[in-house]
Amino acid sequence: MAILQVNPTRMELTGLKKRLKTAQRGHKLLKDKQDELMKKFIELVTKNKELRETVEAELTQSFKDFLIARAVMSSESLEEAIMYPIDKIALEVGTKNIMSVNSPVIHLVKEEKEDNDTSNYPYGFASTSSELDSAINSLKQVLDKMVQLAEVEKTCQLMADEIEKTRRRVNALEYVMIPQLLETVRYITMKLDENERGNRVRLMKVKEMLGK
Amino acid sequence: MYMYKIGVIGDKDSILGFKALGISVFPTTDTKQASKILIDLAKEKYAIIFITEQIAKDIKDYIDVYKQSLMPAIILIPNNQGTLGIGMNAVRQSVEKAIGADILFGKEGR
C-alpha cells in the first residue's frame with residue numbers, strides 16, 4: 001500500500017491521526033447505513049417481485065378478456081363506447097425518506113361520479129357486449145395493484161442506486177483510505193523515532209569526544 | 001397538492017381498455033414515436049408511465065434516463081400477447097446491482 005506524500009513531521013502526524021479517526025468514524029456510519037439499506041431493500045424487493053408476478057398474471061388475463069370483447073364487437077363501436085371515461089383518475093404523490101433515499105408515495109385518487117344511479121360503465125348497454133363489461137371490470141381491479149407496483153418498483157430502483165453508491169464509499173474507505181492513513185502514520189512515527197535515535201547517538205558521540 | 005396523471009404507452013389492441021378507466025392512453029407501435037411520447041410525458045405531470053414490454057425493449061435507452069429520478073416511475077407491463085420477462089429482468093438487475101448476487105431468483109432455478 002502506497003503511503004501519502006507528506007513530510008515526516010510531528011505536525012503532519014497529528015493531522016493524519018485526526019484524519020484517520022474521521023475516516024474510521026465515517027466508515028462505521030456508512031457501514032451501518034449500508035446494512036440498514038440492505039435490510040430494507042431485501043424486504044421491498046421481495047414485495048416487488050410478488051407484486052409484479054400478480055400484476056403480470058392478472059393483466060394478461062384482463063387483456064385476454066379485452067381481446068374477446070374486441071372480437072365480439074366492431075372496433076368502431078368499441079372505441080366509441082370507451083371514448084369518454086366516467087371516472088377521473090389522478091395520483092397523489094408524496095415523498096418518503098428511507099435512509100436518505102427519497103422515494104415516492106403514490107396514492108390513487110378516484111373521482112367518482114356524482115350520482116350513483118348511472119351504471120359503472122361509461123357507455124350504454126344497447127350497443128356493447130357483456131364481455132366488455134367484465135374486461136373493464138377486471139382492468140379496474142388490476143389498476144390498484146399496478147399503482148402499488150409502480151411505487152414499490154421505483155423505490156427499489158432508487159434504493160439499488162443508493163446502495164451501490166454507499167458500497168463504493170464504504171469500500172473506498174475500508175480498502176484504500178484507512179490502510180493508506182495507517183501506513184503513513186506508521187511511516188512518520190518510524191522516521192521520527194529514527195531521527196530521535198540518530199540525535200541521541202550523535203550526542204553520546206560528542207560527549208565522548210569532549211570527555212577525552 | 002397537485003394531481004399527477006397516469007399514462008400508458010403501447011400497441012392499441014393492448015392498452016385501449018385503460019382508456020375506459022380514465023387513464024391517458026397513447027397508442028403507438030413505432031419506436032421513434034414511442035420515445036417521443038415518453039419524453040413528452042416525462043416533462044409533463046405524469047407520475048407513472050406504463051409501457052408495454054414490446055415497445056420498451058426498443059427504447060430502453062430512453063427509459064434508463066429516468067431510472068434515477070424520482071418521477072416519473074416507468075413501469076413495464078406485458079401486452080396482450082403475454083409477458084416477455086423484461087420487467088422481471090429489471091427487478092432482478094436491481095437486486096444484482098444492490099446486493100451483488102442474485103438472491104431472489106436464483107433458488108428457483110429460472
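In this predicted model, 46 residues of chain A are in contact with 38 residues of chain B, where contact requires that the C-beta atoms of two residues, placed from the backbone, lie within 7 Å. The elements that give two or more residues to the side of chain A that touches chain B are H1, strand E1 (88–98), strand E2 (101–111) and helix H3 (130–211) of chain A. Helices (H or I, at least four residues) and strands (E, at least two) are DSSP runs, numbered from the N terminus.

Residues are numbered from 1 along each chain as its sequence is written, chains are lettered from A and ligands numbered from 1 in the order in which they are written. Because the model is predicted, local features need pLDDT of at least 70 and side-chain atom pairs count only at pLDDT 80 or more, whereas totals for chains, interfaces and linings use all residues.

**The side of chain A that touches chain B**

- H3(A) provides the largest share of this side, with 18 residues.
- By class, this side has 29 nonpolar, six polar and 11 charged residues. Ala, Val, Leu, Ile, Met, Phe, Trp, Tyr, Cys and Pro count as nonpolar, Asp, Glu, Lys and Arg as charged, and the others, Gly among them, as polar.
- Two bridges join E1(A) to strand E1 (residues 3–10) of chain B, and these strands run antiparallel. Two strands pair if DSSP finds at least two bridges between them.
- A:Glu92 has B:Met3 in E1(B) as its bridge partner.

**Helix H1 of chain A against helix H5 of chain B**

- The axes of H1(A) (residues 10–72) and H5(B) (residues 86–99) come within 10 Å and cross at roughly 170°. Axes are lines fitted to C-alpha atoms, for helices over the stretch in contact, and angles run from 0 to 180 degrees between N-to-C directions.
- The two helices, H1(A) and H5(B), are therefore roughly antiparallel to each other. Angles under 35 degrees count as roughly parallel, over 145 as roughly antiparallel, 65 to 115 as roughly perpendicular and the rest as oblique.
- Residues of H1(A) in this contact include A:Met38, A:Phe41 and A:Val45, while those of H5(B) include B:Met88, B:Val91 and B:Val95.
- The residues of this contact divide into eight nonpolar, two polar and three charged.

**Chain A**

- Chain A holds three helices and two strands, in the order α-α-β-β-α from the N terminus on.
- The radius of gyration of chain A is 35 Å, well over the 17 Å that the globule rule gives for 212 residues, so the chain is more spread out than a compact globule. This radius is taken over C-alpha atoms, and the globule rule is 2.2 Å times the number of residues to the power 0.38.
- Taken along the principal axes, the C-alpha atoms of chain A fill a box of roughly 130 × 30 × 25 Å.
- Of the 212 residues of chain A, 26% count as buried. A residue is buried if 20 or more other C-beta atoms, placed from the backbone, lie within 10 Å of its own, exposed if 12 or fewer, and partly exposed in between.

**Chain B**

- Chain B has five helices and four strands, and its C-alpha trace spans about 40 × 35 × 25 Å along its principal axes.
- Of its 110 residues, 44% count as buried.
- In strand E3 (residues 46–52) of chain B, seven of the seven residues are buried.
- E3(B) pairs in the parallel sense with E1(B) over five bridges, and B:Lys5 has B:Tyr46 as its bridge partner.
- E3(B) also pairs in the parallel sense with strand E4 (residues 73–77) of chain B over five bridges, with B:Thr52 and B:Ile77 as bridge partners.
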